[in-house]
Amino acid sequence: VPKVHYDDKEMIITERIYPTSKPTAEDFIKIIERFKGGKSMGLPGSQTYLNNLPPYHKPIKLPEHQATFFHGDLSTTNVLKNSRLWLIDPNYKNIFGSWLTDAGKAFFSFVAYEQDYPSAKKIADHFGPEVINFAVAEGLRVTKYKPEYISIVNNIAELCQV
């Protein structure tokens, strides 16, 4: 754990972590595998998750599953890597989440932020094709703040199994 300089109910300020490389798909797979068995810290039931999604032109089929421990914004920009992995900027308050929602966000971030579909595919190959459906949902959450990502969401949606 990095040295904490300040904390309150809304934030923690720590010593600066200097990343030396980008996290890989394998790094995300290890992180998500650890989350799979963790106890939930979010809300039970997926309705809070679904209510947080903006409208979309086609139905998104998200499988019902149990809440687990989750980061809430597990993207390539929120994992720093040097001699170890550091997860920063979680977003888990007042919403349902799970290892599967985090896997979807990791998939989306490799495609959208890194333009690295092969890494995203490794995550879906490891955890199953439903990860792609969650990538669409996580991408839609991003479009609320960055509408320019809708074309990427639409492209990922073409990969979803009906």
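Modeller: A residue is termed buried at under 20% relative accessible area, exposed at over 50%, and partly exposed in between (1.4 Å probe, protein chains only). The structure is a predicted model, in which local features need pLDDT of at least 70, side-chain atom pairs count only at pLDDT 80 or more, and totals for chains, interfaces and linings use all residues. Residues are numbered from 1 along each chain as its sequence is written, and side-chain values use heavy atoms, with hydrogens and water left out.

Biologist: Why is Gln115 called exposed?

Modeller: The relative accessible area of Gln115 is 61%, so the residue counts as exposed, the limit being over 50%. Gln115 belongs to the loop between helix 3 and helix 4, where helices (H or I, at least four residues) and strands (E, at least two) are DSSP runs numbered from the N terminus. Its phi is positive, near 50°, in a residue other than glycine.

Biologist: What makes Asp89 exposed?

Modeller: Its relative accessible area is 52%, and Asp89 is therefore exposed. Asp89 sits in the loop between strand 4 (85-87) and helix 3. Although not a glycine, Asp89 has a positive phi of about 55°.

Biologist: Why does His126 count as partly exposed?

Modeller: His126 has 42% relative accessibility, so it counts as partly exposed, a class that lies between the limits of 20% and 50%. His126 is part of helix 4. Not counting residues up to four places away in sequence, it touches Ile29 and Glu33, where contact means heavy atoms within 4.5 Å. In sequence, His126 and Ile29 are 97 residues apart, while their C-alpha atoms are 7.6 Å apart in space.

Biologist: How do you know that the buried residues of helix 4 line one face?

Modeller: The buried residues in helix 4 are Ser119, Ala120, Ile123, Ala124 and Phe127. Seen down the helix axis they fall within an arc of 140° (taken over the directions from the axis to the C-beta atoms), so they line one face. On the other side of helix 4, Pro118 and Asp125 are exposed. The buried residues pack against helix 1, helix 3 and helix 5. Just after helix 4, Gly128 has a positive phi of about 115°.

Biologist: Why are helix 3 and helix 4 called roughly antiparallel?

Modeller: Their axes come within 7 Å and cross at roughly 160°. Angles run from 0 to 180 degrees between N-to-C directions, with axes fitted to C-alpha atoms, for helices over the stretch in contact. Under 35 degrees counts as roughly parallel, over 145 as roughly antiparallel, 65 to 115 as roughly perpendicular and the rest as oblique. Helix 3 and helix 4 are therefore roughly antiparallel. The residues in contact include Trp99, Phe107 and Phe110 of helix 3 and Tyr117, Ile123 and Phe127 of helix 4.

Biologist: What makes helix 3 and helix 5 roughly perpendicular?

Modeller: Helix 3 and helix 5 pack at about 75°, with their axes 7 Å apart. The angle lies in the range 65 to 115, and the two helices are therefore roughly perpendicular. Among the residues that meet are Leu100, Gly104 and Phe108 in helix 3 and Val131, Phe134 and Val142 in helix 5.

Biologist: How do you know how helix 5 is directed relative to helix 6?

Modeller: The axes of helix 5 and helix 6 come within 9 Å and cross at roughly 170°. That angle makes helix 5 roughly antiparallel to helix 6. Helix 5 contributes Ile132, Ala135, Val136, Gly139, Leu140 and Thr143 to the contact, and helix 6 contributes Ile150, Val153, Ile156 and Ala157.

Biologist: What makes a set of residues a nonpolar core, and which residues have the most contacts inside the largest one?

Modeller: The members are buried Ala, Val, Leu, Ile, Met, Phe, Trp, Tyr and Cys residues joined through side-chain atoms within 4.5 Å. The largest nonpolar core here has 42 residues, and Phe107 and Ile123 have the most contacts inside it. Helix 1 (25-36), helix 3 (99-112), helix 4 (117-127), helix 5 (130-143) and helix 6 (150-157) each supply at least two of its residues. Helix 3 gives the largest share, nine residues. Leaving aside neighbours within four places in sequence, the contacts of Phe107 include Tyr117, Ile123, Val131, Ile156 and Leu159.
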